[in-house]
Amino acid sequence: MTKVTGTTKLLGVIGHPVEHSLSPLMHNAALAQLGLDYVYLPFPIEPENLAVAIAGFAAIGVMGFSVTIPHKQAIMPLLAEITPLAQAIGAVNTVTRKDNQWVGTNTDIEGFIAPLQTTYQQDWSQKVAVILGNGGAARAVVAGCHQLGFAKIHVVGRNQQRLTDFRESWGNSPLAENLQIHTWDALVNLIPQANLLVNTTPIGMYPQVDESPLSTAEMINLPGDAIAYDLIYIPQPTQFLQQAEKQGAIAIDGLEMLVQQGAAALKIWLQQETVPVDVMRQALRHHLGLTVAEL
Ligand code: NAP
């Protein structure tokens with residue numbers, strides 16, 4: 001743990017609630033490893049206090065902060081600059097102080113694609129992505145799949161109106177040029193085509209560990225060489241990933257995305273090329289109660 005002194009610089013995460021955020025654990029482990037005079041704190045901020053809190057952050061010299069639910073969209077009008085990627089997906093998860101102004105970006109995209117790029121070096125240009133869910137995380141996943149160059153990106157949701165809103169929210173953004181929306185009944189045709197199947201719904205998240213967004217009958221048609229990616233990181237593996245692995249598919253859980261979006265944010269705040277990603281991952285794994293044998 002960093003020794004807090006009169007010169008300690010401040011980073012943190014804003015959210016409501018924020019008590020269960022794993023970000024302080026992950027970032028403070030990295031800052032301690034780097035021996036930097038920084039501390040990263042959780043800031044529970046109610047929606048009506050967002051503007052005054054951000055003004056206060058500027059006044060006390062906060063260097064940067066993470067943004068979680070419910071502030072990822074609401075923070076946007078309070079920022080002087082927003083990166084085009086964060087603008088396109090309509091959400092900011094990382095804010096930094098630059099030339100006395102707040103600049104927002106979104107590192108969830110980088111977090112999502114990191115394990116796909118580093119572990120499975122592929123040409124994705126002939127590949128099909130099927131994304132379950134059309135909420136906030138699905139937006140970063142769509143942008144990530146576009147960045148990787150997927151030929152087709154299918155988003156599957158349970159509510160036609162929310163799906164239509166999702167599609168329209170992209171406007172003419174090039175990020176959505178290969179995007180198609182479908183209701184859940186289309187899965188029977190989509191799953192056999194999927195090279196990447198991503199769960200962005202909360203179905204199967206602790207404590208509902210026996211649930212999966214797909215039935216066994218639906219999952220049975222997943223190609224054996226597909227990649228199944230669940231954004232959920234508790235439990236590991238989820239029911240969804242267990243079903244996919246039974247089909248022979250490669251499984252990726254949400255922990256790496258969490259680690260990598262945090263690492264990307266820390267690089268921005270510290271303005272350095274590398275941060276101790278292993279230490280961040282280890283801090284989370286340790287906290288989540290995984291044994292070394294499972295690493
Ligand atoms: P969200 O904005 O609430 O979106 C959830 C989506 O799941 C919505 O499209 C919702 O459908 C759908 N959904 C919920 N229950 C469903 C059900 N029973 N059947 C079918 N669809 C259902 O949440 P989010 O922020 O995108 O987060 C989604 C998940 O991703 C959470 O588990 C979160 O922890 C995880 N996540 C992980 C990371 C990471 O770093 N690993 C990052 C972000 C999020 P409707 O639109 O119809 O309501």
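**Notes on the model**

1. Asp 99 counts as exposed because its relative accessibility is 69% (exposed means over 50% relative accessible area, buried under 20% and partly exposed in between, with a 1.4 Å probe and protein chains only). Asp 99 is not a glycine, yet it has a positive phi of about 50°, and it is found in the loop between strand E5 (94-98) and strand E6 (101-105). Helices (H or I, at least four residues) and strands (E, at least two) are DSSP runs, numbered from the N terminus.

2. The model is a predicted one, in which local features need pLDDT of at least 70 and side-chain atom pairs count only at pLDDT 80 or more, whereas totals for chains, interfaces and linings use all residues. Residues are numbered from 1 along each chain as its sequence is written, and side-chain values use heavy atoms, with hydrogens and water left out.

3. Gln 271 lies in the loop between helix H10 (255-270) and helix H11 (277-287), and it counts as exposed because its relative accessibility is 71%. Most residues other than glycine have a negative phi, and most peptide bonds are trans.

4. Pro 70 lies in the loop between strand E3 (64-67) and strand E4 (81-82), while Pro 207 is placed in the loop between E10 and helix H8 (216-219).

5. In which order do the six strands of the open sheet run? The order is E9-E8-E7-E10-E11-E12, with parallel pairing (two strands pair if DSSP finds at least two bridges between them). E9 and strand E12 (250-252) are at the edges with a single partner strand each, so one side of each has no neighbour in the sheet. From one strand to the next, the twist averages 20° (axes are lines fitted to C-alpha atoms, for helices over the stretch in contact, and angles run from 0 to 180 degrees between N-to-C directions).

6. Within this sheet, strand E7 (residues 128-132) pairs in the parallel sense with strand E10 (residues 196-199) over four bridges, and Ala 129 stands opposite Leu 196 in E10. Helix H9 (residues 239-246) packs on the sheet and touches E7, E10, strand E11 (227-230) and E12, its direction making about 175° with that of E11 (contact means heavy atoms within 4.5 Å).

7. Strand E8 (residues 152-157) and strand E9 (residues 179-183) run parallel and are joined by five bridges, with Thr 183 in E9 as the bridge partner of Gly 157. Together with helix H6 (residues 160-169), E8 and E9 make a right-handed β-α-β unit (right-handed if, with the strands pointing away from the viewer, the path from the first strand over the helix to the second runs clockwise).

8. A search of the whole structure finds seven aromatic pairs. Phe 166 and Trp 170 form an edge-to-face pair, 6.0 Å centre to centre with 70° between the planes (rings of Phe, Tyr and Trp, the last by its six-membered ring, pair if their centres lie within 6.5 Å; planes under 30 degrees apart count as stacked, over 60 as edge-to-face and the rest as tilted). Phe 166 counts as buried at 3% relative accessibility, and Trp 170 counts as buried at 4%.
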